[in-house]
Every structure is written in structure tokens, then in C-alpha cells.
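Open the model in your viewer and keep the selection tool at hand.

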Amino acid sequence: MPRLVLVRHGQSQWNLENRFTGWWDVDLTEKGEAEARAAGELMRAKDVIPNVAFTSYQTRAIRTLHLALETAGLLWIPETKDWRLNERHYGGLTGLNKAETAAKHGDEQVNVWRRSFDTPPPEQERGSEFDLSADARYARIEVPMTESLKDTIARVLPYYESSIVPHLKASAKSTVLVSAHGNSLRALVKHLSGISDDEITGLEIPTGQPIVYEMDEELNVLDRYYLSER
């Protein structure tokens, strides 16, 4: 039966520094690299062997994918990168320390920006320090200036349906690996597990922990589990 494996990137430098990251390109810490390798070791040990992989345009997700595949002896499998698997864009909060932002604006307001389903943070200013409009990776799109979780879902799910689903349907033995981010993976988990708008905002996806969805030929979910628990 087809399997979809979701892995959130390992700890990044801004995860460690408790900063809003979003689309900004931040690398893994040593701990994050170790988490990525551990994911690969786990896939190899549990014989969960992907035959194709997808990731975002962001270094932390790409390197997590490569470190996991290298550890599993699978660097040769085809991979596709796409901006639609990027993290949610945190707008004007990008680069700010979360605790300091809460102290300035209040816990309640920051919690709305972070955890509301459809309320985005303040927009990022064009030309500001963390504006990626001129980044070569995004030359063919209009970079958003902020996103809610709802906005993120609106780009992730169509990509899933158009680009990932065909690989899942190609064979009963298909195993597809997606290395992405907390919010882009929330979008997939919400869809696959039928989680409500209110409940999905509270779902935490740990770094470097493969989540496996086992499906039937129609891609109905038969089982969902963390690979470390099997």
C-alpha cells in the first residue's frame, strides 16, 4: 500500500534563538543535523524506503532531506523542490525574537498572529531587511508579504494534489518522502487526518521525527504513526 512520510526539518539556528523564521533561509544547527541523520537511520532500520522525495526551496528542509537520505543510503532517489512547500511567511515578525515580541505586543496578540487559523501577522515592508522579493529562487512568483495558516494551506494542498498524489497512485509500493516545515506539514496533516480549523492551530510537529501515513489505493488513510513508535 502507498505510504507518505512527512519530516519536519531538524532544529535550525533561529529555532534555537527563538526567532520567527518563515521564508528566511536559515541553516541547521549541529543538533538539527543530528536529528536529520537520526530520521534517516530510523527509515533504514524500519525498512521505510522512499522512492521519491519532495522538499521546499529552503536550506534547512533541503539539508534535512539530504542528510536523512545519505544516512539511509538513498541519495540517488529523485527529488523535487518547490516554493509551495515553504514555511508560512511570518511577514513583519520575521527575524524577531518571540519572547521579546510578546513583551512588546502582549502574549494575546502574538498568540493570535502565531496560532490563529486565518489572521496573518503584520505585512513585511517591501525592501526591508528580510524581504525576499529579489531572491533568485522566487524570480517567477510574487513573494507574499505575510501569510496565515489558511493562506499556507491554499498553496500547499493544490501542490500536493497535482504533484505528490500522482506518485502515491503510481504503485501500491510507492513511498513518498516530504521534508518540509511546521506549517506546510500542518497543511498536509490537516487534510489527511481531517483535523478542524480550530484544532490544527494547536498541533505541534516535532523536528526530525518521521510521520508515516499508510493508505489504500484510493489514498484513504488507513493508519498514521510516528515511525519511532513502531
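The stops below say what to select next and what is there.

**Before you start**

This is a predicted model, in which local features need pLDDT of at least 70 and side-chain atom pairs count only at pLDDT 80 or more, while totals for chains, interfaces and linings use all residues. Residues are numbered from 1 along each chain as its sequence is written, and side-chain values use heavy atoms, with hydrogens and water left out.

**Stop 1: H2 and H3**

Select helix H2 (residues 30-45) and helix H3 (residues 59-72). Helices here are DSSP runs (H or I, at least four residues), numbered from the N terminus. H2 and H3 pack at an angle of about 45°, with axes 7 Å apart. Axes are lines fitted to C-alpha atoms over the stretch in contact, and angles run from 0 to 180 degrees between N-to-C directions. H2 and H3 are therefore oblique to each other. Angles under 35 degrees count as roughly parallel, over 145 as roughly antiparallel, 65 to 115 as roughly perpendicular and the rest as oblique. The crossing of H2 and H3 is right-handed; that is, the near helix is turned clockwise from the far one by less than a right angle.

Now show the side chains in contact (heavy atoms within 4.5 Å). H2 brings Glu 33, Ala 36, Arg 37, Gly 40, Glu 41, Met 43 and Arg 44, and H3 brings Arg 63, Thr 64, Leu 67, Ala 68, Thr 71 and Ala 72. The contact of H2 with H3 holds five nonpolar, three polar and five charged residues. Ala, Val, Leu, Ile, Met, Phe, Trp, Tyr, Cys and Pro count as nonpolar, Asp, Glu, Lys and Arg as charged, and the others, Gly among them, as polar.

**Stop 2: H4 and H5**

Next, take helix H4 (residues 98-105) with H5: the angle is about 125° and the axes are 7 Å apart. That makes H4 oblique to H5. Lys 98, Thr 101, Ala 102 and His 105 of H4 meet Asp 107, Gln 109, Val 110, Trp 113 and Arg 114 of H5.

**Stop 3: H6 and H7**

Select helix H6 (residues 149-170) and H7, which pack at about 70° with axes 9 Å apart. H6 and H7 are therefore roughly perpendicular. Their crossing is right-handed. Among the residues that meet are Leu 149, Ile 153 and Tyr 160 in H6 and Ala 187, Leu 188 and His 191 in H7. The contact of H6 with H7 divides into eight nonpolar, four polar and three charged residues.

**Stop 4: the largest pocket**

A pocket is an open set of points on a 1 Å grid over the protein atoms alone, with protein on both sides within 12 Å along at least five of seven lines; a cavity is a set where a 1.4 Å probe fits but cannot get out; lining residues have an atom within 4 Å of a point. Grid points are joined across faces, edges and corners, and a volume is the space filled by probe spheres set on the points.

The largest pocket has about 360 Å³ of space. Closest to its centre, of the 20 lining residues, are Arg 8, Asn 15, Glu 87, Lys 98 and Arg 114. Which helix gives the most to this lining? H7 does, with three residues. Nine of the lining residues are charged, seven polar and four nonpolar.

**Stop 5: the largest cavity**

Finish at the largest cavity, about 30 Å³ in volume. Arg 88, Arg 114, Arg 115, Ser 116, Leu 149, Asn 183, Arg 186 and Thr 201 line it. H5 and H7 are the elements that give two or more residues to this lining.
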